[in-house]
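Trainee: Could you go through this structure with me, slowly? I would like to learn how to read it.

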Amino acid sequence: MNPNGCVAGLIGEIDTYSHRGVPIADIYSKEKRSEVMSKIRGKETKPEILVRKFLFSKGFRYRINDKRYPGKPDIVLPKYHTIIFIHGCFWHGHENCKAAKLPETNTDFWKKKLSDNIVRDRKNIEKLRDDGWNVIIIWLCEIKNKNVREKRMERLISEITDGK
Ligand SMILES: [Zn+2]
């Protein structure tokens, strides 16, 4: 018998067993599930979570996505009477921002849609300020990159504490 063939056969057998084993298949599906979940999280809420974590680490306590207020603010800090919106540059029309550039096709459609968003945001912010809230907008481009984010977060603290 060829000894190499023997070894190869053994490896093949182990591989086959590990792929066929039911418990292993379960573990795999759990991993897969959490991978999918982390991808969803990463895409939709990661920057928001970074801001929250930062605030929490500095001792701030807050409510999130509070539906009672106009615009359903991302973060509400009742103690400081402060509301924070984390705005995507494109959807909320960040002025002079590369990430807010209009698409080259259907430009009129996008222009209308985005200007509606901007008008709605403006109304919400105005209403909140009229009610005495300190409203802070954080743009996604300000928190995407680590260095830029650190500077923004530093500024955020003084915006919260000076604005109350
Ligand atoms: Zn931006």
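Trainee: Among contacts between residues at least 6 apart in sequence, how many join residues at least 24 apart?

Mentor: In this chain that share is 55%, where two residues are in contact if their C-beta atoms, placed from the backbone, lie within 7 Å. Please keep in mind that this is a predicted model, in which local features need pLDDT of at least 70 and side-chain atom pairs count only at pLDDT 80 or more, while totals for chains, interfaces and linings use all residues. Residues are numbered from 1 along each chain as its sequence is written.

Trainee: OK, and which helices and strands does the chain have?

Mentor: There are five helices and four strands, and from the N terminus they follow one another as α-α-α-β-β-β-α-β-α. Both kinds are DSSP runs numbered from the N terminus, helices being H or I with at least four residues and strands being E with at least two.

Trainee: In what order do the strands sit in the sheet?

Mentor: The sheet is open, with the order β1-β2-β3-β4 and mixed pairing, and two strands pair if DSSP finds at least two bridges between them. β1 (63-64) and β4 (134-139) each have a single partner strand and stand at the edges, so one side of each lacks a neighbour in the sheet.

Trainee: How many bridges join β3 to β4?

Mentor: Six bridges join β3, residues 82-87, to β4, and these two strands run parallel; within this pair, I84 has I136 of β4 as its bridge partner.

Trainee: What lies across the sheet strands?

Mentor: Helix α3 (residues 46-57) lies across β1, β2 (75-77), β3 and β4, and runs at about 150 degrees to β3. Such axes are lines fitted to C-alpha atoms, for helices over the stretch in contact, with angles from 0 to 180 degrees between N-to-C directions.

Trainee: Changing topic, where is Y69, and what does it touch?

Mentor: Y69 is in the loop between β1 and β2, and, leaving out residues up to four places away in sequence, Y69 touches V76, I83 and L128. Y69 counts as partly exposed because it has 17 C-beta neighbours inside 10 Å; a residue is buried with 20 or more other C-beta atoms within 10 Å of its own, exposed with 12 or fewer, and partly exposed in between, with C-beta atoms placed from the backbone.
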